[in-house]
Amino acid sequence: MAKKSLTLYPNQTAQMAAFGERIRLARLRRKLTTTLFAERMGVSRETLRRVENGDPTVAFASYLSALQTLGLAQDIDHLASEDVLGRKLQDASFVTKPKQSLASSKPKRTHDAITIAKTIQPNAPSLINQVLAKYKNKPPSNDQG
């Protein structure tokens with residue numbers, strides 16, 4: 001199965017190259033040869049060369065191993081530790097809308113009792129009389145008309 005090619009933006013490529021360069025400079029400050037450093041990392045010299053060039057296809061563990069060998073493993077804890085945008089997005093999701101007053105949340109009456117009674121059973125005059133009587137606060141009449 002063919003490997004997927006990794007596409008990076010130019011600024012990401014530059015960041016990777018700068019990261020590799022910082023690893024190379026840290027190795028040189030410690031006066032470690034590529035052979036000794038690669039051996040301590042547990043990788044080949046070719047992999048070390050790719051790490052120091054900032055090759056994005058090198059396994060992340062190789063970069064971690066380089067930092068560990070240099071005594072800089074704690075630096076990895078600082079990556080993405082301050083998620084300013086994420087926190088703003090999270091805080092924005094907690095903002096609540098102002099609640100409506102109870103008066104405005106009640107449904108508006110669009111029909112009166114007579115219209116409702118006529119639509120329920122148009123051929124039932126006794127039901128209409130009962131609804132009308134209830135609506136007018138009068139007891140229902142017994143005439144079946």
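Trainee: Which residues does A26 touch, not counting residues up to four places away in sequence?
Mentor: The model is predicted, with local features requiring pLDDT of at least 70 and side-chain atom pairs pLDDT 80 or more, whereas totals for chains, interfaces and linings use all residues. Residues are numbered from 1 along each chain as its sequence is written, and side-chain values use heavy atoms, with hydrogens and water left out. With contact taken as heavy atoms within 4.5 Å, and residues up to four places away set aside, the partners of A26 are L70 and L72.

Trainee: How many residues make up the largest nonpolar core?
Mentor: Such a core is a set of buried (under 20% relative accessible area, 1.4 Å probe, protein chains only) Ala, Val, Leu, Ile, Met, Phe, Trp, Tyr and Cys residues joined through side-chain atoms within 4.5 Å. A26 and L70 belong to the largest one, and its other members include I23, F37, M41, V51 and Y63.

Trainee: Why does Y63 count as buried?
Mentor: In general, nonpolar side chains tend to be buried together in soluble globular proteins. Y63 counts as buried because its relative accessibility is 3%.

Trainee: What is the centre-to-centre distance in the aromatic pair?
Mentor: Rings of Phe, Tyr and Trp (its six-membered ring) pair if their centres lie within 6.5 Å, and planes under 30 degrees apart count as stacked. The count by this rule is one pair. F19 and Y63 form this stacked pair, with 25° between the planes and a centre-to-centre distance of 5.4 Å.

Trainee: Which residues does T34 touch, not counting residues up to four places away in sequence?
Mentor: T34 is placed in helix α2 and counts as partly exposed, because its relative accessibility is 24%. E46 is 12 residues from T34 in sequence, and their C-alpha atoms are 9.5 Å apart in space. The residues that T34 touches under this exclusion are R27, R45 and L48.

How values were computed: Buried < 20%, exposed > 50% of the residue type's maximum accessible area, 1.4 Å probe, protein only. Phe/Tyr/Trp six-rings, centres within 6.5 Å; stacked < 30°, edge-to-face > 60°. Helix = DSSP H or I, 4+ residues; strand = E, 2+ residues; numbered from the N terminus.
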